[in-house]
Amino acid sequence: MAAPKRELFKAAEVCEVVQVQSYVLRSWEAEFPQIGQPTAGGGPRLYRRSDVDFVLRIKQLVFDEGLTLSGARRRLEEENEITAPSVLVEELVDGRVRDSLRHVKTGLQSILELLAKDGHEQPELRLVAPPEGKKKAIPKAKLKK
């Protein structure tokens, strides 16, 4: 049965479209709290078209593929992770931040090398100067305080 061309549905309408009993829908709401939205006045829940599609997907996983509700939840989470857009770090940070991260990485690698050395050797600390042109001058007014 096709869903009517509306955006909001009552529970009975969702049950009719999906062809499940109301107690099944309520149990699925308990397992998947993102289904439906409570009304402000404390009335019955309303369901969006996307909720109806979600309930249809749950029905397919449970009835057709034989998964339990927790198995269906895991499958839906896996599908959501696959379809979620991935963002590369390079798209989020600029060159200055990338340089700072590189310096932090080098410092951490130095610390790791120091910790990995045998206890018999004297640890050697290496100080790395910041790159040229990145030094900030301190105003003379602040130095006198």
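This note goes through the fold, the pairs and the surface of a predicted model.

1. **Overall layout.** The chain has seven helices and two strands. Read from the N terminus, the order is β-α-α-β-α-α-α-α-α. Of the 145 residues, 17% are buried. Take the contacts between residues at least 6 apart in sequence: 45% of them join residues at least 24 apart. The accessible surface is about 11,700 Å². Carbon and sulfur atoms account for 57% of that surface.

2. **Helix α1.** This helix spans residues 11-18, and its buried residues are Val14, Cys15, Val17 and Val18. They sit on the same side of α1, because their arc around the axis is only 165°. What do these residues pack against? The partners are β1 (8-9), α2, β2 and α3. Glutamine 19 follows α1 and has a positive phi, near 65°.

3. **Aromatic pairs.** The whole structure contains two aromatic pairs. One joins tryptophan 28 and phenylalanine 63 in a tilted arrangement, with 6.0 Å centre to centre and 55° between the planes. Tryptophan 28 belongs to helix α2 (residues 22-31) and phenylalanine 63 to helix α3 (residues 49-64), so numbered that 35 residues separate them and the pair links distant parts of the chain. Tryptophan 28 is buried, because its relative accessibility is 3% and the cut-off is under 20%. Phenylalanine 63 has 47% relative accessibility and therefore counts as partly exposed.

4. Phenylalanine 32 and phenylalanine 54 pair edge-to-face, at 5.7 Å centre to centre with 85° between the planes. This pair also links distant parts of the chain, 22 residues apart. Phenylalanine 32 is in the loop between α2 and β2 (47-48), whereas phenylalanine 54 is in helix α3. Both phenylalanine 32 and phenylalanine 54 are buried.

5. **Salt bridge from α2.** There are six salt bridges in the structure. One of them joins the side chains of glutamate 29 and arginine 45, at 3.9 Å from N to O. Glutamate 29 is in helix α2 and arginine 45 is in the loop between α2 and β2, so the bridge ties parts that are 16 residues apart in sequence. Is glutamate 29 buried or exposed? With 15% relative accessibility, glutamate 29 counts as buried. Arginine 45 is partly exposed, at 25% relative accessible area.

6. **Aspartate 51 and arginine 48.** These side chains meet in a salt bridge of 3.2 Å, N to O. Aspartate 51 has a relative accessible area of 4% and is buried. Arginine 48, at 32%, is partly exposed.

7. **A bridge between helices.** Glutamate 79 and arginine 57 form a salt bridge whose closest N and O atoms are 2.2 Å apart. Glutamate 79 lies in helix α4 (residues 69-83) and arginine 57 in helix α3, so parts 22 residues apart in sequence are tied together. Glutamate 79 is partly exposed at 27% relative accessibility. Arginine 57 is partly exposed as well, with a relative accessible area of 21%.

8. **Nonpolar surface.** Which residues make the nonpolar surface patch of about 420 Å²? They are Val104, Leu108, Ile111 and Leu115. Leucine 108 is placed in helix α6 (residues 95-116). Its relative accessibility is 52%, so leucine 108 counts as exposed; the cut-off for exposed is over 50%.

Technical notes: Residues are numbered from 1 along each chain as its sequence is written. This is a predicted model: local features need pLDDT of at least 70, side-chain atom pairs count only at pLDDT 80 or more; totals for chains, interfaces and linings use all residues. Side-chain values use heavy atoms; hydrogens and water are left out. Patches are made of residues with over 30% relative accessible area and no salt bridge: like charges are joined within 9 Å, nonpolar side chains (Val, Leu, Ile, Met, Phe, Trp, Tyr) within 5 Å. Accessible areas come from the Shrake-Rupley method with a 1.4 Å probe; for residues, only the protein chains shown count as cover. A salt bridge is a side-chain nitrogen of Lys or Arg within 4 Å of a carboxyl oxygen of Asp or Glu. Helices (H or I, at least four residues) and strands (E, at least two) are DSSP runs, numbered from the N terminus. Buried means under 20% relative accessible area, exposed over 50%, partly exposed in between (1.4 Å probe, protein chains only). Contact means heavy atoms within 4.5 Å. Rings of Phe, Tyr and Trp (its six-membered ring) pair if their centres lie within 6.5 Å; planes under 30 degrees apart count as stacked, over 60 as edge-to-face and the rest as tilted. The arc is that of the directions from the helix axis to the C-beta atoms.
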